[in-house]
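Please read them with the structure open.

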Amino acid sequence: MDKENPFFSKLERIPVAVAHGEGAYQNTLKALESINLEVARGKRVLLKPNAGRLGTPGSGITTDPEVVGAAIDAFRKVGANVAVGESPITGIKTMEAFETTGIAEQARKRDCPLIDMDARSCVEIDIPSGVVINKLKLCPEVLEFDYIVSIPVMKMHMHTDVTLAVKNMKGCLWRRSKVQLHMLPPYKGSNEKSLNVAIADMTSVLVPHLSIIDGSIGMEGLGPSAGTPKKLDCVVVSADAFAADAVACQLMGTRAEDVPYLRMGAERGFGVIDMDKIDVSPDNWTDWCGQFAKPPENITIEYPNVKVLDNNSCSACQSTVLLFLKEYGDKLFDYLPKGEILHIAIGKGHTELPEKTLCVGNCTARFKNSHNFLHGCPPVASEILKKLIGKTSYDSKQQDDNNGTS
Ligand code: SF4
């Protein structure tokens with residue numbers, strides 16, 4: 001990975017281009033016209049979409065495949081050697097994710113290689129200026145390709161506010177090392193969440209050369225996987241991932257300064273989020289701003305009979321529980337005694353839990369002899385309901401003991 005970024009212009013203000021209204025493919029090509037892609041001639045270019053989950057096109061969960069197709073075409077046109085790579089969240093197989101997202105089909109049509117970035121051994125690198133992390137395990141491709149292009153989909157995120165070009169690079173962390181960022185102890189002497197500080201740390205060594213943010217259909221509310229698709233029909237392009245994210249934030253109706261990892265990363269000099277230092281084209285781009293619903297602070301607001309106890313979990317278990325609630329939350333009323341609150345625990349940080357708590361995921365295995373426990377890393381969302389339905393009461397230990405399954 002080249003440390004120098006040839007896509008940067010020498011202009012005083014950071015250029016960001018927004019294209020709107022012509023569909024995912026044309027918007028991408030149009031926004032990319034703002035960049036001198038010629039510098040990529042003969043170079044190895046890794047396109048890193050968000051294909052970290054099994055999201056279908058239009059779901060807002062993963063990058064629109066036509067945005068990826070357009071990026072392949074644009075780089076091929078200037079003679080670059082292009083590949084598409086991903087390392088998904090825990091429990092998702094890379095090639096299955098590429099198929100589900102439609103990205104595999106776009107790549108096949110163009111005979112473009114798809115890379116399972118989890119397939120080989122990792123490369124460990126130091127983070128000299130790290131605050132809460134000082135080493136990272138990277139997928140080896142990150143260091144082998146000349147240029148990396150981050151191609152996220154525009155989403156709200158229940159733990160990091162938004163997920164865009166900067167955070168999409170977390171999908172270059174090798175296999176389960178992604179999970180470690182979610183499991184750091186509290187950052188002493190600071191009110192910042194360790195996860196946000198860790199993402200800022202990551203950015204000191206892992207920033208893309210070019211960002212193409214897919215705002216064709218994004219996700220509002222309970223992102224990154226259980227929110228609602230939101231159509232914006234926009235694509236944002238910049239060589240500065242922070243500047244691209246700042247503009248995308250505004251298109252989503254929020255501010256980069258209010259997103260802790262972007263604010264901290266910009267303060268540490270890894271990119272620019274100050275809109276006074278960013279030059280967005282065309283001038284009327286703010287006409288296309290939408291208002292993405294923010295993630296609720298507490299998901300018990302949405303599901304009043306459920307309380308999720310989250311202590312040092314990772315996004316895979318969070319997504320599992322949210323998908324379960326989204327799909328089966330209403331049905332829970334049928335299975336819960338009137339007025340009873342269902343406690344669901346995820347994460348490895350719990351030392352004690354209320355009686356009858358459903359413990360989800362291997363991180364809660366220490367409670368498997370005392371509570372209702374669902375194994376898996378992550379478990380399958382539909383298994384949570386089965387675990388509940390299979391019981392006559394939530395005092396499942398007794399049943400499990402009777403069945404010899406505990
Ligand atoms: S059990 Fe859940 S929280 Fe723990 S590592 Fe696995 S997916 Fe993450």
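1. A residue counts as buried if 20 or more other C-beta atoms lie within 10 Å of its own, as exposed if 12 or fewer do, and as partly exposed in between. The model under discussion is a predicted one.

2. Start with R175, a residue other than glycine whose phi is positive, near 40°. R175 sits in the loop between α6 (165–168) and α7 (177–180). Is R175 buried, exposed or partly exposed? R175 has 15 C-beta neighbours inside 10 Å, so R175 counts as partly exposed.

3. K356 also deserves a look. Its phi is near 70°, again a positive value in a residue other than glycine. The loop that holds K356 runs between β14 (342–346) and β15 (358–360). Because 16 other C-beta atoms lie within 10 Å, K356 is partly exposed.

4. Next, the peptide bonds. Which kind of peptide bond joins G223 and P224? The bond is cis, and omega is about 15°. P224 has its place in the loop between β10 (210–220) and β11 (228–238).

5. A cis peptide bond also leads from S281 to P282, where omega is near -5°. Where does P282 lie? P282 is in the loop between β12 (278–281) and β13 (306–310).

6. For checking in the viewer, the places are these:
- R175, in the loop between α6 and α7
- K356, in the loop between β14 and β15
- P224, in the loop between β10 and β11
- P282, in the loop between β12 and β13

Note on methods. Residues are numbered from 1 along each chain as its sequence is written. This is a predicted model: local features need pLDDT of at least 70, side-chain atom pairs count only at pLDDT 80 or more; totals for chains, interfaces and linings use all residues. Helices (H or I, at least four residues) and strands (E, at least two) are DSSP runs, numbered from the N terminus.
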